[in-house]
Amino acid sequence: MPPNFQLQCRLLLILLMALRGESRYLELQERADYDPFLLYSSNLKRDLAGEQPYHRALRCLDMLSLPGQFTFTADRPQLHCAALFISEPQEFITIYFDLVSIDCQGGDLLKVFDGWILKGEKFPSSQDHPLPTMERYIDFCESGLSRRNIRSSQNVAMVFFRVHEPGRGFTLTIKTEPNLFPCNVISQTPNGRFTLVVPHQHRNCSFSIIYPVAIKISDLTLGHLHGFQVKKPSAGCGGKGDFVELLGGNGLDPSKMMPLADLCYPFHGPAQMKIGCDNTVVRLVSSGKHINRVTFEYRQLEPYELENPNGNSILESCLSTL
C-alpha cells in the first residue's frame, strides 16, 4: 500500500470516528467512481504544476493536499461534515471563500480551524500554537464576507460545515505560500528528512509523523553544552529553556503524548530511536535567547521491526487503541 494512501486511510478513519462520536446518524454516500485518495498522488501534483487551477466537488468527509477550487453542494441535509487540508511542510495554507450560500439563521455552519482537531485533540497543541483555542476558529456566520480569506499558521487547516437544505453550499479556493521558518508540521509521508529552525523566538515547534518510525537525529544546535540523555520517569532537561523532546502516542495532540527522550545539549549525531507509536513527534522548545536547530531523518518501521523490537526501541508503551 503506498505510504500516502496509508496516511489518507488513517486520518479519514480517525475523522470518521470523531464525527460518529457526535452523531449516531452520520451517513456517508460515496460514488463507485470516486477515488478519495486521488489528491495524495505525487504524479497528479506534477501533472497539475503550472496548469489551470484544479477543480472538483468537495465531499462531506474529505481530505485535500492540492491547491485548487472546491465546491460543496448539499443533495440532502448534511449535518456533520469536515474537510482537512494539508500542504508541504514549508507552506502556509490560505482558504478563500469565493461563494457562500448557507442559512446561518436556519442552523447551517461554516467554520475554519487553524490546524486540525480530531476526537478532541488538536494539532498544533494549545502549548505550541500562538493563539488561544477559541481564536483559532473563524466562524463565517459571525464574520461573514469581512473574512473572505483565512491563512493557517502551519501546513494544516480544517473546515467544519453543516448544511440543511439541498442545493445550498459554498465554493472555496485553496492556495499555498512559502513559510520561511516552518514551526508546526504534519508530515505527508512516512519517510523524509527535515530541519526545524527557531531563530531567537520564544516558541515551541512540533513535527508530527503519523506512523511508527525510526528517528535519527543528525544535528542539534542549542544555546548550551554537549550531551544526550534518554528520559527516565523523574529525569528531564532540568528546566533548561532550550531542548528537544521525542514524544509518542496514538492521538493527535503532542501535549497528550508520552515523553520518550530529551535532548538537552547540542551535538552532531547520529542519535537514533525506534518508536512504535501511531504518532511520533519531534518537539523543539526554545527560550528565544538562541538560534536553535535540529535536523533529523525518519522512516516508517517495517512490520518485522514492530513484531521483534531490538536495540534502542520504544514499542510496548504505544499499543494502538483503535
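**First stop: a serine and its partner**

Select S208 and N279, whose side chains are joined by a polar contact of 2.8 Å. Bear in mind, here and at the later stops, that this is a predicted model. S208 lies in strand β15, which spans residues 204-209, and because its relative accessibility is 0%, below the 20% limit, S208 counts as buried. If you now display what surrounds S208, leaving aside residues up to four places away in sequence, you will find that S208 touches F123, V185, I186, S187, N279, T280 and V281.

**Second stop: the nonpolar cores**

Next, select L196, F207, I215, I217, L246, V294 and F296, the residues with the most contacts inside the largest nonpolar core, which has 29 residues. Among the elements that give two or more residues to this core are β14 (192-199), β15, β16 (213-221) and β22 (291-300). Centre the view on I217, whose contacts beyond four places in sequence include L246, L263, F267, V294 and F296. Then move to a second, separate core of 26 residues, where C81, I138, F161 and V163 are included.

Finally, colour the 5 strands that form an open sheet with mixed pairing, in the order β2-β4-β11-β6-β9. Its edge strands, β2 (61-64) and β9 (137-139), each pair on one side only, and neighbouring strands of this sheet are turned by 15° against each other on average, direction ignored. Zoom in on β2 and β4 (residues 78-86), which run parallel and are joined by 4 bridges, and pick out L61, whose bridge partner in β4 is A82.

Definitions and conventions:
Residues numbered from 1 in each chain as written. Predicted model: local features only at pLDDT ≥ 70, side-chain atom pairs only at ≥ 80, totals over all residues. Heavy atoms only, no water. Pairing = 2+ DSSP bridges. Axes fitted to C-alpha atoms, helices over the stretch in contact; angles between N-to-C directions. Buried < 20%, exposed > 50% of the residue type's maximum accessible area, 1.4 Å probe, protein only. Polar contact = N/O pair within 3.5 Å; in protein donor to acceptor, adjacent residues only side chain to side chain. Contact = heavy atoms within 4.5 Å. Core = buried A, V, L, I, M, F, W, Y, C linked by side-chain atoms within 4.5 Å.
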